[in-house]
Amino acid sequence: MARSSDQTSHAAEIVLEARNVTLTLGVADAPVEILKGIDLSITKGESVAILGPSGSGKSSMMALLTGLEKPTSGEIVVSGTPIANMDEDGLARARRGTIGIILQAFHLLPTMTAMENVMVPLELDSGDAIRDRAQDALEKVGLGHRLGHYPAQLSGGEQQRVAIARAIVGQPDILFADEPTGNLDGETGSEIIDILFERHRHSAATLVIITHDRSLAERCGRIITMGDGRIVEDTGIREDIAEPAAGQDAA
Amino acid sequence: MSWSQIWAIARRDLNGRFRGLRLLFICLFLGVATLATIGSLTSSITSEISERGQEILGGDIEIALSQRAATEQERAAFAEVGTVSETNRMRAMARRVADGPDPSRVLVELKGVDAVYPHYGDLTFAGGGTLDTPLDAQSVLVAPALLERLQMKVGDTVQFGTAQFTITAEILEEPDRIGEGFTLGPVALVSLEGLERTGLVQPGSLYETKYRIKTSAGANPAELAEALEAQFPVAGWEVKDREEGAPGTTRFIERLGQFLGLVGLTALIVAGIGVGNGVSSYLSGKRSSIATFKVLGAETGDIARIYLLQLAAVAALAIITGLILGAMMPPLIIAALGDVLPVQPGISIHPVPLLTAALYGILIAIIFALPPLAQARYVPAAGLFRDMVERNARIDRLTLILVSIAFGAIVTLAMVTAREPWFSAGFLGASLGVLFLLALLGGAIRWIASRLPRPRQPLVRLAVAGLHRPGAQTGALVVALGLGLTLFVILAAIQTSLTGEITRSVPERAPSLFAIDIPVDQEKQLRASIAEIDPDAEVATVPTMRGSITGYGDIRVADLEELPEGAWMLRGDRALTYSANVPEGSELVEGQWWPLLYNGPPQVSIDAEMAQILGLEIGDTLTVSFLGREITATITSLRQINWQSLGFNYLMVFSPNTLRDAPHNLAASVSLSDAGNVEQEQQASNAILGLFPSATVIAVSEVIGEVRTLLDQMATAITAAAAITILSGLAVLIGAIAASRQARTYDSVILKTLGATRRQILLVQAMEYGLLALLLAAVALALGYAASWYVMTQIFQFSFEPDWTIVLMTLGGGALLTLVVGLVGALPVLSAKPAQALRHL
């Protein structure tokens, strides 16, 4: 998938689109409708919060938008490429360099150091200057002094910062964060959020945060509220609240 | 992604988590080391025997004759082929010549040798030095055991027959010792002239002359031997060339090696279950990592390659370590076993058995590790968001094909490398059958447990649920436990059956002594002298001579490319006798016994089993070579021989008129009324030897001692092989318990938070394992019974009468042991602190 080459463009270029997406899980005799027809489009450089209580379907929506899960019906288009009918390997390839994901439970590889964890996506994409780029990403999240540490030797906040470094090291077009502060205390959580928004300000990338925390959602330029598998409210882009325009001093 | 990048990730991912693949390592290591050890040991022994073929045989060609020396014509023919060395061997009594009344006597293998002996190798002395000048007629060289038993030393005088000899040296090594085959007593070496002086070599006495020929360099001994045989077709020789110096020993070692190798392969297959289990629990522990890799953009192919490299690296390490140990073990075993082995091979590496063991290891790893690997790569990225209850169980076509090829390769390899391919195939088939049966049983137990009505008692309900819940290790537990318990039953049954065999084969009124070479006309004197010592003693005599079968039916034995299966009676010479009546200990099963004063053409009665093996029927003919001439007799009856009677059991009994006039002696058995009275036994022995200096007396207790040693060695070999299999089973068992630990820890923590005590939790485990152990003990009893019956009656041809008390006790002990292992394995689960565990779960 082609990466956006025009990072300074302010045109409302759609990077993520969902068309009438549904998701039904479970066995045939007891199906559970998780998502019941989602329509959504997100443009380049936006910061979007997907807000909702537990069970509203927001995490499932992220799984679909990131290609981690296939929708039961509907179409999802990422940077102009429909992904709903891709097989798992196609999706994996599609994610490389396009989508970065940060998870609530960090999901660092426990057997690898911070540095090695960050190197993995570059290695999977057969990139070059892997070490330098990984180190650079870790320094950007303030972990330049923890390169050789294993996840178990890092605090929760540090682990999440490694996860952020790992998600941004490939300079993805879209960065997803699923309850990024869910496993952290308040102070550490806000540090993490600061890093995310700081990062967003300095790149042309789109930021999508999944959260149940309204105050966190309020920091985003757009809030999509979910309930019972549907979008119940979409504020659209709130120019006044939105973070400074993306790309002004892109990395 | 390039392989080097994949390797970099694989290495990092494995970093520090080698523990997870411990089971893979241990199981493969154990299995490969066992196979490599057995293979290397067998190879080093047989190759040593074959390398030392000339030495062992004592020449390039050996011609053995029974009860006669070669004729002038024969000697001339031998001399044309090469240099000839003559030896003459017989059983005789060595008597200490000393002051005082104690006439100690010991049974020896007395061997007369000529000046040329030995053609190859050296006869070495205990004090240093070798036999380099010919022995004179007054000297004897003796084995250390003889000095020990007669309490003599070099320089003392010893008597054989009617002649006295001075012991001039103690033998350290007799080069052609193995070629001589089974011996009862220590060896004593004299010159041929010396042997002549003893007066023991008489027409009819039981001796064997051997002519060893040293051919010129470049000659083909096999061809020359064949030509000689063709020249004298009826001579009744036993001819060997240097390629088969000790065919019996080689056959035995190879057969034992093959049997142990198959047991080793079974251990490896059992270990394979551990491999599969270890890999699958390792990979399921990696589900989150796999999902994370996928989130970061890894394809299924990348995942497969990452973990394939990890598994291959650990497997390679295990196999290489196993091979190193396997190559190092034989010298240690050889040193430990010492004289039990026929030869003492030096340190050498045998690539073929090592390669075979490595190949087996690789194939087993493919069969058991590939399927879980194939499944693991399909772990979806979405696995990070929710627990996948429905696990992906699909295995792709390529994996299926690879596994099938590997399986086929194992069977082919086992058959190609075996002496008896069908025996190997049968053994493998039976082992796999047992494993399959146990696997089936594991499935059945899960199925039944899941459909049982829910017990009211919550702990019982949990125990039953533990057998069938998702991720339960019931299958592996059943296979490991079932196999272990089955082996316990087999071992106990075989051991007690073998022990019983010895006790049973000594009938209540067994003969105490056997005497051979009693002159035919002095039977009365023998009976009288025994009656003086013990009036109630029973004395039985039977005429004895030796001859070899040269033809049967329309077949000439010399023309056979290969002997029919089980036809050991065609090899070498056999004891022959004649009798007017059906001999005691035999039962006529077919045909007619000859009339009392029969005087027609030669008739013979043979063993019914021998008839079956050779395909002979009443009316067919049997030709034996006896004292250099051939006698062809018509088979007129078949007998069932009760071998356990320890009486005189002859395969071939002729009508008296056939053999009566040939020179021969009697063999006698003496049954004393007070069996076990050593003093009386000694008296009787001395009386016989006093009357007949040329006779040889064998005490049954000594022979039984030898047999007991042999059976003990067999039992040890079986136990050793089975122990390895049990060890593999134990590794699988521990692996299975470890694999289910996480789920159990979760259970136990939840139970604790709900107020369960540790005792109650332990009780759940005990009930679960106890239930399994009880069920499997019953299954093991049935399987073990069948298998040990087969081994005892079909492979070793012994009777099967195990001591059931001991078998059941062993089984109970085994079941208890597994229960304890299971509970000890559960202890870490018990000590899990709820708060701590819940944080990590």
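Mentor: Strands of a sheet pair through backbone hydrogen bonds, either parallel or antiparallel. Here strand β7 (residues 174-178) of chain A is joined to strand β8 (residues 206-211) of chain A by 5 bridges, and the two run parallel; helices (H or I, at least four residues) and strands (E, at least two) are DSSP runs numbered from the N terminus, and two strands pair if DSSP finds at least two bridges between them. Within this pair, Ile174(A) stands opposite Thr206(A) in β8(A).
This is a predicted model, in which local features need pLDDT of at least 70 and side-chain atom pairs count only at pLDDT 80 or more, while totals for chains, interfaces and linings use all residues. Residues are numbered from 1 along each chain as its sequence is written, and chains are lettered from A and ligands numbered from 1 in the order in which they are written.

Trainee: In what order do the strands of the sheet that holds β7(A) and β8(A) lie?
Mentor: The order is β6-β7-β8-β3-β9-β10 in chain A, an open sheet of 6 strands with mixed pairing. Its edge strands are β6 (99-102) and β10 (230-234) of chain A, each of which pairs on one side only. From one strand to the next the twist averages 20 degrees, where axes are lines fitted to C-alpha atoms, for helices over the stretch in contact, and angles run from 0 to 180 degrees between N-to-C directions. Helix α5 (residues 156-168) of chain A packs on this sheet and touches β6 and β7 of chain A, its direction making about 170 degrees with that of β6(A); a contact means that the C-beta atoms of two residues, placed from the backbone, lie within 7 Å.

Trainee: Which strands make up the open sheet of 4 strands in chain A?
Mentor: That sheet has the order β2-β1-β4-β5 in chain A, and its pairing is antiparallel. Because β2 and β5 (81-82) of chain A stand at the edges with a single partner strand each, one side of each is left without a neighbour in the sheet. Helix α1(A) packs on this sheet, touching β1, β2 and β4 of chain A, with its direction at about 120 degrees to that of β1(A). Strand β1 (residues 14-25) of chain A is joined to β2 (residues 32-43) of chain A by 9 bridges, and to β4 (residues 73-78) of chain A by 5 bridges. Thr22(A) has Lys36(A) as its bridge partner in β2(A) and Ser73(A) as its bridge partner in β4(A).

Trainee: How many residues does each chain bring to the contact between chain A and chain B?
Mentor: The size of an interface is often given as the accessible area lost when the parts come together. Counted by residues, the contact takes 23 from chain A and 27 from chain B. On the side of chain A that touches chain B, α1 (58-65), α2 (88-95) and α3 (114-124) of chain A each supply at least two residues.

Trainee: Is helix α2 of chain B largely enclosed or left open?
Mentor: Helix α2(B) is largely enclosed by the rest of the structure, because 26 of its 30 residues are buried, that is, have 20 or more other C-beta atoms within 10 Å of their own, against 12 or fewer for exposed and in between for partly exposed, with C-beta atoms placed from the backbone. Ser701(B), found in helix α20 (residues 700-739) of chain B, is partly exposed, with 15 other C-beta atoms within 10 Å.
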